[in-house]
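I opened the notebook to look up how this chain is put together.

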Amino acid sequence: WYQSCPLSSFSTERFVQTQYDYQAETAGAAAIIYDPASASLGSLCLKAFRLSDNFMKFMAKKKRTSALTAENVAQFKINHTNILEEIPVKLHNSELSKALLCELARGDNGTSSFEKLD
C-alpha cells in the first residue's frame, strides 16, 4: 500500500495501525511513502517502510482496542528509532521505456522511422 504525504509527515497512529494490519496478514507487506512536495521541486522522493519485528511483537501482545500510550511504549522499550525500518527502494525502467526516453531527448517527437520515409 502507499501513502502520499507532504514533507514526510506520515508517521501517525493511523499509519502504524494500518501497517500493522497489513503486516500481520502478509509478512512481507511494506508501505510506500510518496512526497509530492519534493516532486514539485524536481526530486522524486519514494521511501518504503515496515514495522520492526520487535514492534510487531509489542502490538501482537497488546489488545487491539487499547490506545497506544506513552506508558505502554516505554514499558516495552519502544522509541522512535525502533518502530519503523526503512527498506531500500530501487526503481528500474524497462528497455523499451529507456528507448522512448532517448528518442524524446533527441527531439524526434515520437515520429517513427516509417513516417520519416513518406
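This is a predicted model: local features need pLDDT of at least 70, side-chain atom pairs count only at pLDDT 80 or more; totals for chains, interfaces and linings use all residues.

I take helices (H or I, at least four residues) and strands (E, at least two) as DSSP runs, numbered from the N terminus. Residues are numbered from 1 along each chain as its sequence is written, and side-chain values use heavy atoms, with hydrogens and water left out.

**Entry 1: helix H5**

I started with the pair lysine 98 and glutamate 95. They sit 3 residues apart in helix H5, so about one helical turn separates them. An α-helix has 3.6 residues a turn, so residues three or four places apart point the same way. Lysine 98 and glutamate 95 form a salt bridge, with the closest N and O atoms 3.4 Å apart. My criterion is a side-chain nitrogen of Lys or Arg within 4 Å of a carboxyl oxygen of Asp or Glu.

How accessible are the two partners? I call a residue buried under 20% relative accessible area, exposed over 50%, and partly exposed in between (1.4 Å probe, protein chains only). Lysine 98 is partly exposed at 39%. Glutamate 95 is exposed at 61%.

I then checked the length of H5 (residues 95-106). Just after H5, glycine 107 has a positive phi of about 85°.

**Entry 2: the sheet**

I traced an open sheet of 4 strands in the order E1-E2-E3-E4, with mixed pairing. Its edge strands are E1 (2-4) and E4, each pairing on one side only. On average, neighbouring strands are turned by 30° against each other, direction ignored. Axes here are lines fitted to C-alpha atoms, for helices over the stretch in contact, and angles run from 0 to 180 degrees between N-to-C directions.

Two strands count as paired if DSSP finds at least two bridges between them. E2 (residues 31-34) and E3 (residues 46-51) are antiparallel over 4 bridges. Tyrosine 34 has leucine 46 as its bridge partner in E3. Alanine 31 has phenylalanine 49 as its partner there. E3 also runs antiparallel to E4 (residues 84-87), again with 4 bridges. Here alanine 48 is bridged to isoleucine 87.

Helix H1 (residues 13-25) lies across E1, E2, E3 and E4, at about 70° to E3.

How many salt bridges does the structure hold? I found 2. Arginine 50 is in E3 and glutamate 85 in E4, so the pair ties together parts 35 residues apart in sequence. Arginine 50 counts as buried at 17% relative accessibility. Glutamate 85 is partly exposed at 33%.

**Entry 3: the core**

A nonpolar core is a set of buried Ala, Val, Leu, Ile, Met, Phe, Trp, Tyr and Cys residues joined through side-chain atoms within 4.5 Å. The largest has 15 residues; among those with the most contacts inside it are Phe10, Phe15 and Ile33. H1, E2, E3 and helix H3 (53-61) each supply at least two residues. H3 gives the most, with 4.

Not counting residues up to four places away in sequence, it touches Gln3, Cys5, Phe15, Ile33, Phe49 and Leu84. Contact means heavy atoms within 4.5 Å.
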